[in-house]
Amino acid sequence: MTMTRRGFLAAGTAALATAKLPAFAQQQLPAPIRLAATTRVLDVNGRAATVFGLAGPTSQGLVLDPGQRFRVDLTNNLPEPTLVHWHGQIPPNIQDGVPDIPRPMLKPGESRSYDFEPLAGTYWMHSHVPMQEIRLLAAPLIVRSAQDVAADRQEVTLFLHDFAFKSPEEVMAEIKQGHGGGSHGSGGTHDEPAKGAGHSMAPATETKEMDHSAMGHGTMNHDAMGGGMQGMMRSMMPGMMGDMAGMEMDLNDYDWDAYLANDRTLADPEIVRVERGGRVRLRVINAAAATVFWIDTGKAAARLIAVDGHDIRPLDGNRFGLAMGQRLDLELDLPDEAGSWPILALREGARERTGIVLATAGAQITKIPELAEQEAPAFDTDLSQELLLEALHGLPERSVERSHMVMLGGTMDPYVWTINGAVWGQHRPVVATTGERVQLSFHNMSMMGHPMHLHGHVFQVVDINGRKVDGAQRDTVYVPPMSMVTVSLDAGEAARWMLHCHHMPHLETGMMTEFQVTA
């Protein structure tokens with residue numbers, strides 16, 4: 001799997017790599033791009049709001065040209081420490097951007113340099129401090145390919161957020177007290193959370209390898225299993241899905257004040273000028289803290305061509321969903337006529353929506369209400385969308401050398417979310433050895449969906465509720481309630497890589513572990 005191996009071979013600090021270059025070659029390196037974590041002021045429905053952001057040379061975020069290295073000097077202009085994670089990229093672990101794993105956060109006024117070869121595609125960057133991400137400390141990271149440059153199409157980025165005027169601390173307090181205003185179901189769980197749960201980004205205490213023979217999850221010897229666990233899950237899943245029909249899922253646990261598309265609401269949406277009969281590559285990034293969206297292209301014919309930065313076999317349609325941390329690339333063919341085409345992001349299970357408008361010069365643009373007439377459905381509860389996705393270039397065939405069952409659980413009251421029954425700091429690492437083919441089976445026994453993100457690796461979806469697939473390559477996979485999704489990957493650089501839910505309130509209350517790779 002070239003993506004993961006590239007990350008492994010790139011291991012080592014940028015300083016060491018540069019030091020090996022002759023003096024004349026070092027002088028020819030382009031100047032690093034300057035990126036700043038900073039505050040900014042947004043107009044949210046006529047009300048000023050101070051939020052965080054990542055300011056590049058010309059706008060929020062970065063766009064890299066084909067073949068351009070990720071050479072960035074990051075400066076913290078915030079009044080508090082921070083650190084930025086390059087979501088979906090595979091830098092050397094020391095540059096991955098998780099506080100204290102292994103490097104500390106940047107103090108106010110401090111700068112740090114980054115240098116690695118990026119993966120081409122639609123990515124993003126964000127603070128790995130959940131409360132800062134709730135304050136919008138995130139931005140697009142677009143790495144264009146030679147094919148992008150050669151293609152006769154316009155590129156448009158749609159960056160989605162959920163937003164609250166209240167502080168993240170107030171938001172979390174309301175969620176924990178059950179006053180977030182979101183729609184809740186039973187809040188039931190089959191997983192008892194660890195007591196004394198809490199979330200800290202500090203390094204975890206070193207742990208010995210688990211005694212897996214005494215547990216129902218953890219590391220499993222794939223050959224010795226003889227497919228027993230997988231077979232059992234295949235037989236259980238149809239019944240589980242049937243049981244779900246009579247249960248109410250927890251779709252949303254907070255009603256945000258606004259939903260933003262490129263920092264704006266539908267009260268004053270961004271108008272993107274397009275050509276009659278033009279083709280558009282729409283790069284959609286769900287940077288929301290806790291909101292799943294449907295992307296509705298309306299009368300603009302669309303094809304889904306990539307997810308999480310990786311090409312898939314094109315899939316026609318005009319409505320596709322994505323969970324927090326995920327990305328979709330849509331190719332749209334616009335009619336050869338003057339007009340406007342709203343591209344809407346619909347909040348799952350609710351009427352709220354946001355979006356942008358594609359419009360030819362001089363086209364009449366009709367105001368779009370921020371509330372739809374009907375609620376959007378829940379997203380991919382049966383994983384029907386994920387089942388349709390097929391990687392254009394999947395993992396090479398090889399035998400699986402290590403398998404892990406990763407149990408996802410938690411409760412709404414108390415508001416605590418766990419991986420394998422433990423919160424961060426009380427977790428036991430998910431282990432592997434560099435170069436091994438590894439399978440991770442995410443089994444969600446809670447009544448909320450969990451977008452599971454793995455740092456430092458690209459994985460391929462290979463099994464959905466017991467059904468074998470040649471699925472999409474991803475870095476973030478959505479696991480709906482009472483479901484199981486299995487992904488396959490090749491373990492990369494020997495290091496501690498974070499594995500966590502990308503729902504920020506879940507992450508803040510403990511839903512993180514580590515994928516610990518040894519040499």
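Glu-373 is exposed, with a relative accessible area of 80%; in this report exposed means over 50%, buried under 20% and partly exposed in between, for a 1.4 Å probe and protein chains only. The residue is found in the loop between strand S20 (353–359) and helix H9 (384–388). Helices (H or I, at least four residues) and strands (E, at least two) are DSSP runs, numbered from the N terminus.

**Basis of the model**

The structure is a predicted model, in which local features need pLDDT of at least 70 and side-chain atom pairs count only at pLDDT 80 or more, while totals for chains, interfaces and linings use all residues. Residues are numbered from 1 along each chain as its sequence is written, and side-chain values use heavy atoms, with hydrogens and water left out.

The predictor's confidence in each residue is given as pLDDT, from 0 to 100. The chain averages a pLDDT of 86, and 81% of the residues score at least 70. Over residues 1–22 the pLDDT is below 50, and this stretch has 39 contacts in the model beyond near neighbours in sequence; a contact means heavy atoms within 4.5 Å. Residues 184–247 also have pLDDT under 50, and the model gives them 134 contacts beyond four places in sequence.

**Overall architecture**

Ten helices and 32 strands make up the assigned elements of the chain. Of its 519 residues, 59% count as buried. Among contacts with a separation of 6 or more, 78% are between residues 24 or more positions apart.

**Nonpolar cores**

In soluble globular proteins, nonpolar side chains tend to be buried together. A nonpolar core is here a set of buried Ala, Val, Leu, Ile, Met, Phe, Trp, Tyr and Cys residues joined through side-chain atoms within 4.5 Å. The largest such core has 95 residues, and Ile-295, Phe-442 and Phe-515 have the most contacts inside it. Strand S19 (residues 340–347) supplies the largest share of this core, five residues. Apart from it lies another core, of 26 residues, including Ile-33, Leu-54, Leu-83 and Leu-141.

Beyond its neighbours within four places in sequence, Phe-515 is in contact with several residues, among them Val-430, Leu-454, His-457, Arg-496 and Trp-497.

Ala-37 belongs to strand S1 (residues 33–44) and counts as buried, at 0% relative accessibility. Its contacts beyond four places in sequence include Gly-53, Leu-54, Leu-74, Thr-82 and Leu-137. Ala-37 and Gly-109 are 72 residues apart along the chain, and their C-alpha atoms are separated by 9.9 Å.

Gln-60 lies in the loop between strand S2 (47–55) and strand S3 (62–64), where it counts as partly exposed at 26% relative accessibility. Not counting residues up to four places away in sequence, Gln-60 touches Arg-40, Gly-53, Leu-54, Ala-55, Ala-138, Ala-139 and Pro-140. From Gln-60 to Ala-138 the C-alpha distance is 8.5 Å, across 78 residues of sequence.

**Backbone features in loops**

| Cis peptide bond | Omega | Loop holding the proline |
|---|---|---|
| Ile-101 to Pro-102 | near 5° | between strand S5 (84–87) and strand S6 (111–116) |
| Asp-413 to Pro-414 | about 5° | between strand S21 (402–411) and strand S22 (416–419) |

Asp-100, also found in the loop between S5 and S6, has a positive phi near 70° although it is not a glycine. Asp-100 counts as partly exposed, at 33% relative accessibility. Asp-263 likewise has a positive phi, of about 70°, and lies in the loop between strand S11 (258–261) and strand S12 (271–273).

Rolling a probe the size of a water molecule over the atoms shows where empty space is left. A cavity is a set of points, on a 1 Å grid over the protein atoms alone, where a 1.4 Å probe fits but cannot get out; lining residues have an atom within 4 Å of a point. Grid points are joined across faces, edges and corners, and a volume is the space filled by probe spheres set on the points.

A search of the whole structure finds three cavities of 30 Å³ or more.

Key:
On a 1 Å grid over the protein atoms alone, a cavity is a set of points where a 1.4 Å probe fits but cannot get out, and a pocket is an open set with protein on both sides within 12 Å along at least five of seven lines; lining residues have an atom within 4 Å of a point.
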